[in-house]
Amino acid sequence: MTKWIFVSIIILVAFVASSFILEIDLSRIGGSTSLLRRIVIFNRQQPQFPLSCSDGNSTKMCSSYYPTHIKFEDDFSTTSCPEYFRWIHEDLKPWEKTGITREMVERGKNISHIRLVIVSGKAYIEKQGKVFQTRDLFTIWGILQLLRLYPGKIPDLEIMFQCGDKTVVNKKNFEEPQISPPPVLHYCGDEKSYDIVFPDWTFWGWAELNIRPWEATLRNIQEGNKKVKWKDRIPYAFWKGNPKVSYVRGELGKCNATEKHDWNARIYDIQWSHEKASNFENSKLENQCTFRYKIYTEGATWSVSEKYIIACDSMTMFIEPRYYDFFTRNMLPLQHYWPISIRDMCEEIKYAVDWGNAHLDIAEAIGQGGTKYIVDNLKMKFVYDYMFHLLNEYAKLMKFKPTIPTGAVETCSESMVCSLRGLKKRLLAESMVTSPSETPPCTIPPPYTPQALTEFLQKKKNILKQVKTRTINIQE
């Protein structure tokens, strides 16, 4: 007891300069909750709460000194969320009138990998299926970091999560009005599904491919962008990846240059076993920004490679994506990317490269427009804010009180990381939130009005038609 009083006093003295109120739960360490339940600090320096593993050994004890609540001087942010946050309202619209019942949530159990329950700011996880690689580990980790960024601000909720590639809540199965679809979070969606899109696991790292968390990776790509000036880059369209995961990628391989014909594309088949053997030296993302044009094509569904490709400053060619993730639905053709149809893929890639090489300034501007969209709108603070608003809007629709399932396990940063070793541990530690946010979440924009959404979609359609008919009208 005396030891923990001393520790608490040290914390208080060390962080005497913060501009917000922290609440620390001492009940777990045997202290009196009335002794130091609330610490009021008035310092400008942000307090830090690093990972706490007992003597560096593995432990499953959750930290008891991390703040359980944070109060901002002003709960209303002066920062507006990016426009793509509007799609939160659209994704939750199927439950707008009915609300979300326990029956609906349970209906999603057989098509989900994880049940997430948040009660009083603590996360409880129930695993429901085997997940490819470590997607579930890094996804859960991201949610835990959200709880650390905004302690006490995430409402109680219960939700299912799908960690695979394919969308799972098919609209055709819920055409009868009396059957409501199950609300399931997923990394991607499409026009034929009700999957609720959520940030993918790679924002916190991808251990199997040695890819660091998003902030570090983006910094490396931006440094890579400086190596070759845009007009000095190789004047072809570049793609490198696994062509075996989808029909479209297989067809893309036919656009590669041959002795008889050159479609202005340079397509490279990646062998991940070979890359792993060479410690991924030949597949570093920051070294793949040397072409004027880069190609994005979907894999089994959407691909996490999208954000890395767009960030290269190269003019990105989107090969007619069917699926969307949480941040790309507000991107516009000829402003952020160049659209390519699947049907005439090779011909359209050749035309786009020829057009770009004849209009270098415009092609460069399109490439930089895509990168600027990523840099401005995909900061990790916005990624967390998207998660924050999505979960809050979801919780408002719930018609039942969340309960902790018998098989669920309380999960926290320490219980996930302290027993790990090697790359997984390094990536998780690198992406860890070490202190609560100094500012509240950005202010979410209102839902689209039917007219505004129609106008936006029509605008995109009109631009696509310009490209298809080759009547592009952009001023030099």
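These exercises work through disulfides, a helix and a histidine in a predicted model.

**Exercise 1. How many disulfides does the structure hold, and which cysteines form a disulfide with sulfur atoms 1.9 Å apart?**

Step 1. Recall the bond. A disulfide is a covalent bond between the sulfur atoms of two cysteines.

Step 2. Take the count. The structure holds 3 disulfides.

Step 3. Go through the sulfur distances. Cys-81 and Cys-442 have their sulfur atoms 2.1 Å apart. For Cys-255 and Cys-346, S to S is 2.1 Å. The sulfur atoms of Cys-289 and Cys-312 are 1.9 Å apart.

Step 4. Apply the cut-off. A pair of cysteine sulfur atoms within 2.5 Å is a disulfide. Cys-289 and Cys-312 form the disulfide asked for.

**Exercise 2. Find the handedness of each link: right-handed or left-handed?**

Step 1. Start with Cys-81 and Cys-442. The angle about the S-S bond is 100°, and the link is right-handed.

Step 2. Move to Cys-255 and Cys-346. Here the angle about the S-S bond is -85°, and the link is left-handed.

Step 3. Finish with Cys-289 and Cys-312. With -65° about the S-S bond, this link is left-handed.

**Exercise 3. Where in the chain do Cys-289 and Cys-312 lie, and are they buried or exposed?**

Step 1. Recall the pair. Cys-289 and Cys-312 form a disulfide.

Step 2. Cys-289 is in the loop between α7 (272-277) and β11 (291-296). Cys-312 is in the loop between α8 (305-310) and β12 (315-319). They are 23 residues apart, and the pair links distant parts of the chain.

Step 3. Compare with the cut-off. Buried means under 20% relative accessible area. Cys-289 has 2% relative accessibility, so it counts as buried. Cys-312 has 0% relative accessibility, so it counts as buried too.

**Exercise 4. Are Cys-255 and Cys-346 buried or exposed?**

Step 1. Take Cys-255. Its relative accessibility is 0%, so Cys-255 counts as buried.

Step 2. Take Cys-346. Its relative accessible area is 13%, so Cys-346 is buried.

**Exercise 5. What span does helix α11 reach, and how many of its residues are buried?**

Step 1. Locate the helix. Helix α11 covers residues 380-397 and has 18 residues.

Step 2. Find the expected span. At 1.5 Å a residue, 26 Å is expected.

Step 3. Compare. From its first C-alpha to its last, α11 reaches 26 Å, close to the expected value.

Step 4. Check burial. Of the 18 residues of α11, 16 are buried, so the helix is largely enclosed by the rest of the structure.

**Exercise 6. Which backbone oxygens lie by the side chain of His-186, and is this residue buried or exposed?**

Step 1. His-186 lies in strand β7 (residues 184-186).

Step 2. Check burial. His-186 has 0% relative accessibility, so it counts as buried.

Step 3. Find the backbone oxygens. The side chain of His-186 reaches the backbone oxygen of Gly-164 at 2.8 Å. The backbone oxygen of Cys-188 lies 3.3 Å from a polar atom of that side chain.

Step 4. Look at Cys-188 itself. Its relative accessible area is 0%, so Cys-188 is buried.

Step 5. Leaving aside neighbours within four places in sequence, His-186 is in contact with several residues, among them Phe-161, Asp-165, Lys-166, Asp-195 and Phe-198.

How values were computed
Residues are numbered from 1 along each chain as its sequence is written. This is a predicted model: local features need pLDDT of at least 70, side-chain atom pairs count only at pLDDT 80 or more; totals for chains, interfaces and linings use all residues. Side-chain values use heavy atoms; hydrogens and water are left out. Buried means under 20% relative accessible area, exposed over 50%, partly exposed in between (1.4 Å probe, protein chains only). Helices (H or I, at least four residues) and strands (E, at least two) are DSSP runs, numbered from the N terminus. The expected span of a helix is 1.5 Å times one less than its number of residues. A polar contact is a pair of N or O atoms within 3.5 Å; within protein, one must be able to donate a hydrogen and the other to accept it, and residues adjacent in sequence count only if both atoms are side-chain atoms. Contact means heavy atoms within 4.5 Å.
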